[in-house]
Amino acid sequence: MINEDKVRIMTKCACYEKNESDNNLHIAGYFRRDFVRWSILKSLVSATFGYILLLMLYFLANYEEIFNLFNKMQYKPLLIKILVGWGVVLIIYSIAARIVYRKRFEEAREGVNDYYDTLKKLRGYYIAERDSSPRFSHQEGDPLNNDEFIDY
Amino acid sequence: MTNLLIIRDYLKAFFQRYERFLTPVFKFFYAFIVLMIFKRLFGYNDSIYSLIVVIPVSFVCAFLPNGAVYIVASVFAVYDIMSLSLQVSLVLAILFLIIYLLYLRFIPGKSWIVMVSMILTMKLPCLIPLVAAMFIGPVAIVPCVCGVMLYYFSIHARQLEPLINASTDDVSDTQIPYLMDTLFKDKEMLLFIVIIAVTIMFTYLIYRSSIRYSWFSAIVAGTSLMIFMLLAGTMMIEDDEIELATILIGSLLSGVIAFVVQFFKGVLDYGRIEIVQFEDDDYYYYVKAIPKIYVAERDVNVQTITESTKKVGDDE
């Protein structure tokens, strides 16, 4: 006979797995510090490429002026400006990325915690079913006896 | 008012019920409208905007994530503008890439704001900051500004067309410096960018404040501020192309549309119908979970009060 309460919980879990799990379970698999650092690194790489493209636009728009500077061997101030600009972009992006990805991690962790709570309830149903049914015997290695069944 | 609330609830129920079919339909029209407007903004190579190409491409976009429209529209615009000039198309490609790398990669799922603000700048620029502040918040400033810049890029690229066609000399060396110079010195564009950024921040702060009728105050204050800044800005830059009547009518119309958008904002905030499959030791389950829908009913309470025909003291 179908246990309606168990089906409700399984449906809840299945809906979460279908809609959210790809991203959230992946994020929650990291330690917060690792996730934030890795995300900042990726953001800084794309910010650097974006900055290079901005420089390309600048060079295309002012190529005569820049060639003149190079002809006169006065490229040092320009290089310093470019490096300072890059530094500013990296600082802004690392601060913004830190805020955004910390928030994203917290949201993902919250969702995953709710999902694990639901899984815990489901585990309760399975244990109750196992205990009441003669089909199942208490065996060594039974995943329901294992505390690692729900991996936090 | 009750009738409007009932209509809103029915709309919400309708969207909830047919979400699976409506989402691709909306995405199809979103992609189709964006490409058709790109034809108006750029339109140097009409063959790629023929319906035989646009309809199948929009159909494919209907089943892809929202970001696909940004990529497809970028490819269309860059390929289209190649007919005008290879250099200009290179600049446009770099601009699209910069927006992607510096913003969309960082905050994904917001590419539609770039497209919508680009489209709205054409006809109703005042609506952008109001709707962006209500739906998204200060995060929307960057994509809105990008959309405005892309719109003005298309205007300046069009101005370059007669120069390229008329000149018998090789003007390829001067195209990019000329385009960039006119674009970044366009006072009208800079004015719109400042107004959009300030209005988004201002409207958002009032919208999120804890005062009573904050949304109403936010729209009224945002519209007023925008009209004031547009009038002051137009006088400052002494631009004859901006018509004051257009500014006033456009701003007031934007305010009214913002009210309508605010009223129907909750319509899209619904739980989806979920179809999931799973199994346990005994059964396979195919479940269709339908969220409960509450539709407000017309609250009619007719109380008829008629004068008693018999007076109490008549019997006596």
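**Reading strands, chains and contacts**

Modeller: Gladly! Let us begin with a pair of strands: in chain B, strand β1 (residues 274-279) and β2(B) pair in the antiparallel sense over six bridges. Keep in mind that this is a predicted model.

Biologist: How many residues does the hairpin use to join β1(B) to β2(B)?

Modeller: The hairpin runs through four residues between β1(B) and β2(B). Across the pair, Tyr286(B) in β2(B) has Gln277(B) standing opposite.

Biologist: And how should I think about side chains in a strand?

Modeller: In a regular strand, side chains alternate between the two faces of the sheet.

Biologist: What share of the residues in chain B is buried?

Modeller: Of the 316 residues in chain B, 29% are buried.

Biologist: Which elements make up chain B?

Modeller: Chain B has twelve helices and two strands. Among contacts in chain B between residues at least 6 apart in sequence, 74% join residues at least 24 apart.

Biologist: What about the place where two chains meet?

Modeller: The size of an interface is often given as the accessible area lost when the parts come together. Here we can count residues instead: chain A gives 20 residues to the contact and chain B gives 20 residues. On the side of chain A that touches chain B, α1 (4-19) and α3 (32-61) of chain A are the elements giving two or more residues. The largest share, eleven residues, comes from α3(A). By class, that side of chain A has 14 nonpolar, five polar and one charged residues.

Methods: Residues numbered from 1 in each chain as written. Chains lettered and ligands numbered in written order. Predicted model: local features only at pLDDT ≥ 70, side-chain atom pairs only at ≥ 80, totals over all residues. Buried ≥ 20, exposed ≤ 12 C-beta atoms within 10 Å, placed from the backbone. Contact = placed C-beta atoms within 7 Å. Nonpolar A, V, L, I, M, F, W, Y, C, P; charged D, E, K, R; others polar. Pairing = 2+ DSSP bridges.
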